[in-house]
Amino acid sequence: MKLLRTKSYINGKWVTGHRKFSVTNPYDQSLVAEVEDLSRDQCRTAIQHANDAFKVWKKYAAAERAAILRKWYELQMEHAEELAYLLTLEQGKPLAEALGEIKYGASFVEWFAEEARRVYGDTIPGHKRDIRITTIKQPVGVVAAITPWNFPNAMITRKVAPALAAGCTVVIKPAELTPLSALALAELADQAGFPPGVINIIVSSQASEIGKEMCANPLVRKLSFTGSTRVGKILMRQCADTVKKVSMELGGNAPFIVFDDADVDAAVAGAIASKYRNAGQTCVCTNRLFVQENIYDAFLEKYTAAVKKLTVGNGIDSAVVIGPMIEEKAVVSVEKIVQNAIDNGGKLVTGGKRVGAADSLLFEPTIISNAQRNMQVFTKEIFGPITPIFKFETEAEVIELANDTPYGLASYFYGSDYARIWRIAEALEYGMVGINTGMISTTVAPFGGIKESGFGREGSKYGMDDYLEIKYMCWGGVK
Ligand code: NAP
């Protein structure tokens, strides 16, 4: 594999650590690579380099930054097949899905290469006769990014592309379980011609030490995090002392509501797409499926038939649509969640156990009917291929149920009455609402949550805002 790199990338050089750790394939636990394990001191060095590089990079004309970003995008597309293969090896998702992620990831680089040229300021009518007011937007400075294992490529580009387009420099810490996609992106960034220190990648098994450095170091002016709400809260606390700007893309507990005037077949297809992508391990995956009582049985029958057709296995195999879960801990967690539902009166319709050996990370796509509010499937982010199906009677009831969570990331519903569509869309306390669709992620729309799902928006015309400061200039004495 031409893009397999095992060293970290700091100031345009490949760097070793004092030890190594293994990256394994979740399908069969085979060794994929031994990667260098970097320390907190090396993270500090990377931040220093990023700070030096910032002084140069911010002065590049927008068109110059755009040209290098564009080149990086083209290289990602040129190597899309290999990037996808590497992603499947370290993460497990089916190859077609991995290729989808690579294209999705690259699309942020393309988009923000274009947006780099559109960082406009304002001219504001002055508050006195001799005053003129203008604003400009400037890059915040060094950005630290911490990303999760479930999208080892796209969660990086979604942050890094707008940061670089704005004129910031970056230090990235990918997840320990999936560093290879990040390092492959660094290799392509090197080929694209970013100046040394503009992009730095620190691979480490010591997430909390690296996080502490990123949060405490005053040279870092912005922390962008995607991951769990638990870790997001730790990082926000740690950033308080240096009053950093922060963006938080955290966990979710997405409701998916099917009203009785919905196209049931379309709703089944939408729910499958939303629920079982990446073996249920995405922050926007359906967590709770609510179906109105008079179509509950018909929906359940069709949904069950569709779920039974999903093939589980090695992501490299083209027939497979659900790969392994990421690690043993994740499987144990979903096993407990399923058991908790059964113990509380849930009915196991299909699935419910591992596929194959006792230590396999493959888990059957599972449906639990008669799901209830007192179960963990209602309160927890499931992060696995389990659908709990709840029955509801009225619109008011389902809105109350859907919003009864501290999370507020993605939500979905199917129905056809346009007045109700507006009512429901406005009443859902979520940053994103899918209406008659189960797929909402796209470069051109603002991705992000409210409540304990975080704040900040990634992608779209809003995606640059998190990496820019507005400076206001007050011009006096204009007589
Ligand atoms: P996680 O445990 O919070 O880890 C995310 C990242 O934080 C990883 O790089 C991890 O490093 C690092 N980390 C862990 N503890 C840390 C600490 N004390 N200080 C600094 N960094 C630390 O989350 P995950 O299990 O990887 O990812 C799943 C979660 O991400 C889910 O809750 C999901 O909903 C959320 N997510 C949200 C979005 C969104 O856009 N809102 C997108 C994708 C995922 P190591 O892995 O190396 O330990």
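Gly-193 lies in the loop between helix H6 (180-192) and strand E9 (199-201), where helices (H or I, at least four residues) and strands (E, at least two) are DSSP runs numbered from the N terminus. The model is predicted: local features need pLDDT of at least 70, side-chain atom pairs count only at pLDDT 80 or more, and totals for chains, interfaces and linings use all residues. Residues are numbered from 1 along each chain as its sequence is written, and side-chain values use heavy atoms, with hydrogens and water left out. With a relative accessible area of 38%, Gly-193 is partly exposed; buried means under 20% relative accessible area, exposed over 50%, and partly exposed in between (1.4 Å probe, protein chains only). Gly-193 stands 8.3 Å from Trp-72, C-alpha to C-alpha, although 121 residues separate the two in sequence.

Helix H6 is also among the elements that cover the buried residues of helix H3. Helix H3 comprises residues 80-91, and its 12 residues reach 16 Å from the first C-alpha to the last, close to the 16 Å expected at 1.5 Å a residue; the expected span is 1.5 Å times one less than the number of residues. H3 is mostly covered, with 10 of its 12 residues buried. Among them are Ala-80, Leu-83, Leu-86 and Leu-89, together with Glu-82 and Glu-90. Besides H6, the covering elements include strands E3 (19-24) and E4 (31-37) and helices H2 (62-78) and H4 (95-115), contact being defined as heavy atoms within 4.5 Å. Just after H3, Gly-92 adopts a positive phi of about 100°.

The discussion now turns to charged pairs. Side chains of opposite charge can pair when their charged atoms come close. A salt bridge is here a side-chain nitrogen of Lys or Arg within 4 Å of a carboxyl oxygen of Asp or Glu, and by this rule the count comes to 28. One of the pairs is local: Asp-52 and Lys-55 form a salt bridge whose closest N and O atoms are 3.7 Å apart. Because the two residues are 3 residues apart in helix H1 (residues 40-57), about one helical turn separates them. Both count as partly exposed, Asp-52 at 37% relative accessibility and Lys-55 at 45%.

Another salt bridge links Glu-110 to Arg-70, with the closest N and O atoms 3.3 Å apart. Glu-110 lies in helix H4 and Arg-70 in helix H2, so this pair ties together parts that are 40 residues apart in sequence. Glu-110 is partly exposed, with a relative accessible area of 24%, and Arg-70 counts as partly exposed at 31%.

Lys-159 and Glu-458 form a further salt bridge, their closest N and O atoms being 2.9 Å apart. Since Lys-159 belongs to helix H5 (residues 154-166) and Glu-458 to the loop between strand E19 (454-455) and strand E20 (468-475), the pair ties together parts that are 299 residues apart in sequence. Lys-159 and Glu-458 are both buried. Elsewhere, salt bridges that share partners join Arg-40, Asp-41, Arg-44, Glu-209, Lys-212 and Glu-213 into one network.

Grid points are joined across faces, edges and corners, and a volume is the space filled by probe spheres set on the points. The largest pocket has a volume of about 1400 Å³. Of the 42 residues that line the largest pocket, those closest to its centre are Trp-149, Gly-227, Ser-228, Arg-230 and Val-231. Helix H7 (207-216), strand E10 (220-226), helix H8 (229-239) and helix H11 (328-343) each give two or more residues to this lining, and the largest share, 7 residues, comes from H8. By class, the pocket lining has 21 nonpolar, 12 polar and 9 charged residues.

Thr-242 lies in the loop between H8 and strand E11 (245-249). Thr-242 is buried, with a relative accessible area of 18%. Leaving aside neighbours within four places in sequence, Thr-242 is in contact with Cys-215, Ala-216, Pro-218 and Arg-221.

A search of the whole structure finds 1 cavity of 30 Å³ or more. The largest cavity has a volume of about 40 Å³, and its lining includes Gly-252, Lys-275, Cys-283, Glu-381 and Phe-383.

Definitions and conventions
1 Å grid on protein atoms, 1.4 Å probe; cavity = no way out; pocket = protein on both sides within 12 Å on 5 of 7 lines; lining within 4 Å. Nonpolar A, V, L, I, M, F, W, Y, C, P; charged D, E, K, R; others polar.
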